[in-house]
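Thanks for making the time, everyone.

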Amino acid sequence: MILANDQLLQAYQSGFLSIYDEMIVTNLKGTILFRSGKLKNFWSTNSTSLKGRQFTELVEISFFGDPIFQLLNREVQTLQLKAWNGSNILITVFTSNGNNDDLMLWGLKSISDHLMDSIEITDVPDTKHTPSMVVHSQKMKDVLNTIDMVSKVSTTVLLLGESGVGKEMIAKTIHQLGNRRSKSFIAVNCGAIPENLLESELFGYVGGAFTGANKNGAPGKFELSNEGILFLDEIAEMPLNLQVKLLRILQEKEITPLGGSKPIHIDVQIIAATNQSLEKMVRDGRFREDLFYRLNVVPIEIPSLRERTEEIPYLIYHFLAKYNTIYNRNINILPDAIELLCIYDWPGNVRQLENTIERIVVTSRELIVDSSLVYNYIAKKAVLKEPLIINHIMPLQEAVDMIEEQLIKMAMDKYKSIKLAAKVLDISQPTMSRKYKKFREKIQHKTLSPLNKRKILEQHLNKQLRSMAIVTSAVILTEEISELVNHNVSPSNPTYKKVQKKLTKIREQEGIIEWVYIFKVLDNNKMLTIVADEDFVIPPGHLYEGPPEMMEVAFEAMDGKAGVTPLYEDIYGEWKTSFAPLMDHNGKVLAIIGLDHSRSYIETELKKIERM
């Protein structure tokens, strides 16, 4: 029995929906053509029908980040995603090349929490509120891989990072994952205990060691953490005299209590932490160099929250659930509020974010918190702090293009999301998508062959050099060049000296130009030297004929078009020259100005551009 087309379609649809909760058919541009099944309480839209909508827009509304582009570009076939509302959704795409249209079939399925990509490590079970370490960025996954390795041994660990990034949580995680998890974990903040008490706090004391001491003595933190882990937070605050004792303990594995004479053998793993640069403190004489090397066996740099903004939504939901439970509240934070929280700089890192969520849960009069309410809890939007790449005057439109490109790169590097980048740059999402697509196409040139890659980089450099020639031509007055071209190019001419001085000053101020000169192209396809900077090798009034690739750009400049030559070689060396026309008030080209750049300078600049 042969099934009719509609029966066959129904059979396919039924089979597909036995695996997925919802199926969506789109064209290659992402326009929804057909939909069947439904993810319960999921799509953030009031529309009863999604047909005709852009699937990319719906996904951007519902998920953090821009995962849809990986699927559209066929970089992956399946992705496991976390939605703004906390749901975990599996999305799989199938491509069908039909007779008439290229179609994409999307399968969406709600999956259980234990399959989610984020990693949660529960803290020790006897804590009052069991905090979790939420990991959902590659940088933090790298940190997690490192702590997993060091937890299997008893090596000394040095945790580095800004205040509030979670150094103590990392230390507790090492303890929880390691062989010492059944033994003590003791934390000491070296900056919170007065110097005169810190020694006895760490090393203990015998009875009568000092006035007011317990007559029976007391063990110190080292002795109490024997066979376990001692976490020395703010290690940079430890006084120099105690640094000596700590160094001895690390070397000898034994302590001598204050006032005592008998050493006590200990087996303690040391984890130290600081938000300061110990190398700088060593150079300044504020931290012992030998102790630094003893502590710096396995340094672990914990990235700031600004470097892992993709984790912010997951941290928000985590803290929201935590404090809703603690305070018996039912606060919900809307996606637009989460977006606002994602573009804040968080100078206090995870600690500040957690405190903010707790404050929202405790003090919010509304059960549904939107961006206007969240705005009252944070100081201001994030500020993009990075110097612009423009370092010389150029035509305004070229400058605008360069600044726009850099801002797009900075925003996407920081927020990993077209939606968030558009918000912080204050443009629409379609505009951001279009501009980012153009930027990505440019980035993809990095995968080109070395020859083509150099060509792209050289085009970028040529744009800068061309701009420099145009700007330089603007400082030469029409009257000056007209007099020199039509009357007298002698060095004794005051106008000649005046222009020569200008060109010399330009060369010296820029520091990247080998020679600056003004030529006039003659009918015999040669160029006449009109005037140049003081170091130029060709005297005024002398003829010059360069290589064809150089002369071609010079002729175009004489026709009114500024340009840049490829690298060429003449009797004076290897150069790249930028030419710009010098015109009178009627637009007639009187001469051309040329700026020579050496090969070594060009190679250096190309490397700089490649690193941008």
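Predicted model: local features only at pLDDT ≥ 70, side-chain atom pairs only at ≥ 80, totals over all residues.

Let me begin with a question: does Asp-284 count as buried, partly exposed or exposed? Asp-284 counts as partly exposed, because its relative accessibility is 43%, where buried means under 20% relative accessible area, exposed means over 50%, and partly exposed is in between, with a 1.4 Å probe and protein chains only.

Residues are numbered from 1 along each chain as its sequence is written, and side-chain values use heavy atoms, with hydrogens and water left out.

Asp-284 has a partner, since its side chain meets that of Arg-286 in a salt bridge at 3.7 Å, N to O, a salt bridge being a side-chain nitrogen of Lys or Arg within 4 Å of a carboxyl oxygen of Asp or Glu. Arg-286 is partly exposed as well, with a relative accessible area of 40%. Lys-152 and Asp-148 form one, with the closest N and O atoms 3.1 Å apart; here Lys-152 counts as exposed at 52% relative accessibility, whereas Asp-148 is partly exposed at 33%. Arg-308 and Glu-311 also meet in a salt bridge, at 2.9 Å from N to O, yet Arg-308 counts as buried at 2% relative accessibility, and Glu-311 counts as buried at 0%.

Turning to the chain as a whole, we have 22 helices and 23 strands, which are DSSP runs (H or I of at least four residues for helices, E of at least two for strands) numbered from the N terminus. Buried residues make up 45% of the 612 residues. Of the contacts with a separation of 6 or more, 61% are between residues 24 or more positions apart, contact meaning heavy atoms within 4.5 Å.

What does the largest nonpolar core look like in terms of its residues? It has 39 residues, and those with the most contacts inside it are Ile-316, Ile-333, Trp-346, Leu-353, Ile-357 and Met-432; a nonpolar core is a set of buried Ala, Val, Leu, Ile, Met, Phe, Trp, Tyr and Cys residues joined through side-chain atoms within 4.5 Å. Helices that each supply at least two residues of this core include H11 (312–326), H13 and H17 (429–443), and the largest share, eight residues, comes from H11. If we leave aside its neighbours within four places in sequence, Ile-316 is in contact with Ile-333, Ile-338, Leu-341, Leu-353 and Ile-357. A second, separate core of 31 residues includes Leu-242, Leu-246, Ala-272 and Leu-278.

Finally, consider helix H19 (residues 478–486), whose buried residues are Thr-478, Glu-480, Ile-481, Leu-484 and Val-485. They cover an arc of only 160° around the axis, so they lie on the same side of H19, the arc being that of the directions from the helix axis to the C-beta atoms. These buried residues pack against helix H20 (494–510) and strands E17 (515–521), E18 (527–532), E22 (573–583) and E23 (589–598).
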